[in-house]
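Please open the model in a viewer and follow the selections below in order.

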Amino acid sequence: ILCAYGVRHHFDQIFDIVAANYIPKPDQHAFDCFVKQTGVKPAGAVMIEDMAANLRPAAALGMRTVWLASDVEWAAIGSEESFVHYRADDLRDFLRSLELAFC
């Protein structure tokens with residue numbers, strides 16, 4: 001998908017469920033594996049997720065979080081919690097707004 005959208009060059013690594021020993025988020029183990037394997041400093045990272053509840057462990061590690069909003073009721077569970085730092089209705093527009101803010 002990244003190649004199809006022409007954005008693969010923006011990613012140094014891909015961390016997926018295989019890299020997390022098939023333990024899915026929001027299990028803390030998946031996030032701990034991510035930090036250990038990638039060397040990413042949580043304080044300098046952003047987690048973007050379409051299931052708001054999956055953002056809780058990322059925020060606990062110190063990551064900024066973005067809920068990619070949807071109309072799906074179960075995906076919104078937790079979306080009003082303090083561990084959701086930003087809401088994006090459209091990811092492209094959200095990223096574009098960041099680009100403009102830092103230019």
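Is phenylalanine 34 buried, partly exposed or exposed? Its relative accessibility is 22%, so phenylalanine 34 counts as partly exposed; buried means under 20% relative accessible area, exposed over 50%, and partly exposed in between (1.4 Å probe, protein chains only). This is a predicted model, in which local features need pLDDT of at least 70 and side-chain atom pairs pLDDT 80 or more, while totals for chains, interfaces and linings use all residues. Residues are numbered from 1 along each chain as its sequence is written, and side-chain values use heavy atoms, without hydrogens and water.

Next, select phenylalanine 15 together with phenylalanine 34. They form an edge-to-face aromatic pair, with 5.3 Å centre to centre and 80° between the planes. Rings of Phe, Tyr and Trp (its six-membered ring) pair if their centres lie within 6.5 Å; planes under 30 degrees apart count as stacked, over 60 as edge-to-face and the rest as tilted. Phenylalanine 15 lies in the segment before α1 and phenylalanine 34 in helix α1, 19 residues apart. Phenylalanine 15 is also partly exposed, at 25%.

Now display helix α1, residues 28–38 (helices are DSSP runs of H or I, at least four residues; strands are runs of E, at least two; both are numbered from the N terminus). Its buried residues are Ala30, Phe31 and Cys33. They lie on the same side of α1, because they cover an arc of only 160° around the axis, taken from the directions from the helix axis to the C-beta atoms.

Finally, select glycine 39, which follows α1 and has a positive phi, near 75°.
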